Amino acid sequence: MLTRRHIRVKVMQSLYAYSQSENDNLKSEEKFLLKSMDEMYDLYLLMLNLFVEIKDYAEDYLEKSQQKHLPSEEDVDPNRKFVNNELIAQLEKNKALNLALETRKLNNWKNDDEYVEILWSEIRKSELFQEYMSTRTSSFKEDKEFVITIFKEIIAPNEKLYDYLEDKKITWIDDLPLVNTAIVKMLQKASAGKEQGLTRLFKSTEDKDYAVELFRKTLLNDQSLANEMEGKTPNWDKERIADIDTILIKMAICEFLKFPSIPVKVTINEYLEIAKEYSTPKSSIFINGILDKLSKEYRENGKLNKIGRGLM
């Protein structure tokens with residue numbers, strides 16, 4: 001689930017937090033980085049669990065309707081197509097998901113059930129729901145398509161849910177697009193009668209090691225990386241360079257010199273894209289000029305010891 005770009009963003013955020021704090025404990029800051037990445041998985045689990053909580057709320061809604069003093073014909077014999085949705089039933093019975101929620105003590109939707117109610121209300125009022133509920137029977141294919149569509153069009157874009165997640169953990173807003181993509185991919189792979197495996201946080205242990213190494217090597221070599229920048233920004237005073245830009249340049253130089261398997265072009269492209277999203281409007285142009293100049297110098301003097309994939 002975590003891409004290399006998102007790992008770089010997490011490292012950037014941790015390095016920025018370190019630079020702004022008075023804490024000089026490398027281990028504690030490293031724990032902050034790992035915790036930030038692990039909390040992204042909490043978000044993934046909560047967003048998956050949201051389907052089950054909405055279904056439970058809908059079922060409770062039907063039961064209360066049946067208990068009205070003067071129930072209508074629909075109240076007495078309700079259409080249970082949504083609460084019997086096969087894909088949601090799969091998620092509800094998913095052993096790995098239930099174990100992860102229990103182990104991590106993730107009960108947000110029990111404590112903050114008003115957001116479940118908000119989403120159920122939006123779904124119930126939608127044309128998508130009315131069309132889906134126009135019949136009382138369905139196939140797994142129809143159930144699956146409906147769940148994916150309401151996630152894309154109603155749940156994921158909901159502003160109140162967005163605000164709630166931002167209030168809970170500010171880093172979740174950066175994580176949300178990646179988490180939502182992972183959820184859609186997982187749902188698309190679902191098939192009838194087969195429990196779907198959960199997406200892993202890291203594609204491999206290599207990616208987790210890369211995150212820790214990039215953080216450590218950038219932080220421990222801070223002064224030497226700063227020296228590499230000397231003279232490369234003649235028209236910029238140090239005070240004029242955004243803190244994030246400085247961190248991104250140091251991270252990129254660190255990859256140039258200390259990560260032999262990462263191609264120079266990949267490093268430059270990745271940090272330019274991150275700068276466009278997280279720094280000033282002119283940052284990507286500024287950073288590109290420095291990294292391009294440095295990479296050419298390193299090639300000329302043999303400092304780029306790239307191997308394998310790094311030679312691409």
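K144 counts as buried, at 18% relative accessibility, where buried means under 20% relative accessible area, exposed over 50% and partly exposed in between, with a 1.4 Å probe and protein chains only. The place of K144 is in helix α9; helices here are DSSP runs of H or I with at least four residues, numbered from the N terminus. Leaving aside neighbours within four places in sequence, K144 is in contact with L87, L187, Q188, K189 and A190, contact meaning heavy atoms within 4.5 Å. K217 lies 73 residues from K144 along the chain, and their C-alpha atoms are separated by 45 Å.

A word on the model: it is predicted, so local features need pLDDT of at least 70 and side-chain atom pairs count only at pLDDT 80 or more, while totals for chains, interfaces and linings use all residues. Residues are numbered from 1 along each chain as its sequence is written, and side-chain values use heavy atoms, with hydrogens and water left out.

Now let us turn to the rings. The structure holds 13 aromatic pairs. Rings of Phe, Tyr and Trp (its six-membered ring) pair if their centres lie within 6.5 Å; planes under 30 degrees apart count as stacked, over 60 as edge-to-face and the rest as tilted. Y41 and Y44 form a tilted pair, because their centres are 5.3 Å apart and their planes stand at 35°. These two tyrosines are three residues apart in helix α2 (residues 26–66), so about one helical turn separates them. Both Y41 and Y44 are buried. The pair of F82 and F129 is edge-to-face, because the planes are at 75°, with the ring centres 5.9 Å apart.

A charge sits over a ring if NZ of Lys or CZ of Arg is within 6 Å of the ring centre and within 35 degrees of the ring normal.

| Charged residue | Ring | Distance from ring centre |
|---|---|---|
| K169 | W172 | 5.1 Å |
| K217 | F259 | 4.8 Å |

L248 is in helix α14 (residues 243–258) and is buried, with a relative accessible area of 0%. Beyond neighbours within four places in sequence, L248 is in contact with M12, Y271, I274, A275 and I287. S283 is in helix α16 (residues 283–300) and counts as buried at 1% relative accessibility. Leaving out neighbours within four places in sequence, S283 is in contact with D245 and A275.
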